[in-house]
Amino acid sequence: MIRRQPVSATADHAEERTSPAARLGFQPEQVVQEIGYDDDVDQELRESIEEVIGSDLVDEEYDDVADAVVLWFRDEDGDLTDVLVDAITYIEEGGAILLLTPKTGRSGYVEPSDISEAATTAGLSASKSVSVGKDWSGSRLVTPKAAAKSRK
């Protein structure tokens, strides 16, 4: 005889599973700086992050360190390694950079090998990649020290 257990999820638990911001590791009360904003960014993802952190994203003019950086990057935006090195200066030790690039076939697409090479050169490790919208893919990049802490 098979006994079936009723399973229910609260709205909070369901939201955690479906919210890209929660899946990417954003936490309430974090300061998240946004770099590379333009009219092509995924507004739903931005709103999801703001909902999770409980405040607005801060822009490139923010003059203190942030807990995380959201970096929108397109192939024509320059040298990815240089942009990542600059972004590292904006985050707290142990913080993460969410690198967002256009998906395959979209204008501004960046090859995964270019992302990997630039991240390694900048001293970062990719800990997670995820589809974050219909036009954007995300790579969560962390400093080696943060990566080592997350493995403990």
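Which side chain meets Asp-135 in a salt bridge? Arg-106 does, with 2.8 Å from N to O. A salt bridge here is a side-chain nitrogen of Lys or Arg within 4 Å of a carboxyl oxygen of Asp or Glu.

A word on the ground rules: this is a predicted model, where local features need pLDDT of at least 70 and side-chain atom pairs count only at pLDDT 80 or more, while totals for chains, interfaces and linings use all residues. Residues are numbered from 1 along each chain as its sequence is written, and side-chain values use heavy atoms, with hydrogens and water left out.

**The overall picture**

- The protein has six helices and five strands; these are DSSP runs numbered from the N terminus, with helices being H or I of at least four residues and strands being E of at least two.
- Reading from the N terminus, the order is α-α-β-α-β-α-β-α-β-β-α.
- Out of 152 residues, 39% count as buried. Buried means under 20% relative accessible area, exposed means over 50%, and partly exposed sits in between (1.4 Å probe, protein chains only).
- Look at contacts (heavy atoms within 4.5 Å) with a separation of 6 or more, and 73% of them come from residues 24 or more positions apart.
- The accessible surface is about 9200 Å², and carbon and sulfur atoms hold 46% of that. Those areas come from the Shrake-Rupley method with a 1.4 Å probe, and for residues only the protein chains shown count as cover.

**Salt bridges**

- There are five salt bridges in the structure. As a general point, side chains of opposite charge can pair when their charged atoms come close.
- Back to the opening pair: the side chains of Asp-135 and Arg-106 meet at 2.8 Å, N to O. Asp-135 is in the loop between strand 4 (125-131) and strand 5 (136-142), and Arg-106 is in the loop between strand 3 and helix 5, so the pair ties together parts that are 29 residues apart in sequence.
- Both partners are partly exposed, Asp-135 at 27% relative accessible area and Arg-106 at 34%.
- Asp-135 also forms a salt bridge with Lys-134, with the closest N and O atoms 3.5 Å apart. Lys-134 is exposed, at 65% relative accessibility.
- Arg-74 and Asp-40 make another side-chain salt bridge, at 2.8 Å from N to O. Arg-74 sits in the loop between strand 2 and helix 4 and Asp-40 in the loop between strand 1 and helix 3, so this pair ties together parts that are 34 residues apart in sequence.
- Arg-74 is buried, with a relative accessible area of 5%, whereas Asp-40 is partly exposed at 34%.
- Asp-77 joins in too: Asp-40, Arg-74 and Asp-77 are linked in a network of salt bridges.

**Negative charge on the surface**

- Asp-75, Glu-76, Glu-111, Asp-114 and Glu-117 gather in a surface patch of negative charge.
- Patches are built from residues with over 30% relative accessible area and no salt bridge, joining like charges within 9 Å and nonpolar side chains (Val, Leu, Ile, Met, Phe, Trp, Tyr) within 5 Å. Lys and Arg count as positive and Asp and Glu as negative, with His and the chain ends not counted; a charge is placed at NZ of Lys, CZ of Arg, CG of Asp or CD of Glu.
- Asp-75 belongs to the loop between strand 2 (66-72) and helix 4 (80-88), and is partly exposed at 47% relative accessibility.
- The C-alpha atoms of Asp-75 and Ser-107 are separated by 8.2 Å, although the two residues are 32 apart along the chain.
- Ser-107 is in the loop between strand 3 (91-102) and helix 5 (112-121), and is exposed with a relative accessible area of 66%.

- Ser-48 is part of helix 3 (residues 43-53) and is buried, at 12% relative accessible area.
- Setting aside neighbours within four places in sequence, Ser-48 is in contact with Ser-19, Pro-20 and Ala-21.
- Ala-22, in helix 2, is partly exposed with a relative accessible area of 27%.
- Most residues other than glycine have a negative phi. Glu-29 has a positive one, about 70 degrees, despite not being a glycine.
- Glu-29 is found in the loop between helix 2 (20-23) and strand 1 (32-35), and is exposed at 73% relative accessibility.
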